[in-house]
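The following exercises concern the reading of a protein model from its coordinates. Each task is followed by a solution in steps.

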Amino acid sequence: MFRRDTRPIDELMFEIFRVNDRLLAVGDATVSSVGLTSARWLVLGAIALSHAPLSVAHIARNMGLSRQAVQRSTNDMAALGLVETRENPDRRRSKVVALTDAGRASYETALELWRTEWTGPMEEILTEEEILTTMRVLRRLRGLVRAGHSRSVDN
């Protein structure tokens, strides 16, 4: 099944790229009716899933995005009234980003659409064990990539 010049780990990485590309495309299509893009939805999700407002740098690290991309998204969403910046109690020079009521509503609507159109049907096909195993492996891979070498583990 594998070509002679590739190994399973190479094929895995290319498959992750393909899945990511498709997820972004279907994500854009799914959340467009809410006025979001996948990138904006990712940022809203990072904030919504946090127990406290986050700095742009923290969102970028958590989501594997560039700080500049997150800053652009937060600026755009602030103009739309989806997020607001606040003083950062830990660092005066770095503000934190929080959801507004409209931002939380947009995030929740997008999440419900995503569950109805994508993850709900997927849960009928994939077992919970497959989902959890895949999640563990992807988290380990993320840790390896983040560390910049192949000997670290991120749980």
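**Exercise 1. Strand pairing**

In which sense do strand β2 (residues 83-86) and β3 pair, and over how many bridges?

Solution. The model is a predicted one, in which local features need pLDDT of at least 70 and side-chain atom pairs count only at pLDDT 80 or more, whereas totals for chains, interfaces and linings use all residues. Residues are numbered from 1 along each chain as its sequence is written, and side-chain values use heavy atoms, with hydrogens and water left out.

Step 1. Strands (E, at least two residues) and helices (H or I, at least four) are DSSP runs numbered from the N terminus, and two strands pair if DSSP finds at least two bridges between them.
Step 2. β2 and β3 pair in the antiparallel sense over 4 bridges. Within this pairing, E84 stands opposite A98 in β3.
Step 3. Strand β1 (residues 54-55) also pairs with β3 in the antiparallel sense, over 2 bridges. Here the bridge partner of S55 in β3 is V96.

**Exercise 2. The faces of β3**

Determine which residues of strand β3 (residues 96-99) are buried on each side.

Solution. Step 1. Buried means under 20% relative accessible area, exposed over 50%, and partly exposed in between (1.4 Å probe, protein chains only).
Step 1. V96 and A98 are buried on one side of β3, and V97 and L99 are buried on the other.

**Exercise 3. The surroundings of G103**

Which residues does G103 touch, not counting residues up to four places away in sequence?

Solution. Step 1. G103 is found in helix α5 (residues 101-125). With a relative accessibility of 0%, G103 counts as buried.
Step 1. With the stated exclusion, G103 touches L44, G81 and L82.
Step 2. The C-alpha atoms of G103 and A48 are separated by 9.1 Å, although these residues are 55 apart along the chain. G103 and R22 are 81 residues apart in sequence and 25 Å apart in space, C-alpha to C-alpha.

**Exercise 4. The chain as a whole**

How many helices and strands does the protein chain have, and in what order do the elements run?

Solution. Step 1. The protein chain has 6 helices and 3 strands. From the N terminus on, the order is α-α-β-α-α-β-β-α-α.
Step 1. The C-alpha trace spans about 55 × 35 × 25 Å along its principal axes. Of the 155 residues of the chain, 26% count as buried.
Step 2. Among contacts between residues at least 6 apart in sequence, 46% join residues at least 24 apart.

Note on methods. Contact means heavy atoms within 4.5 Å.
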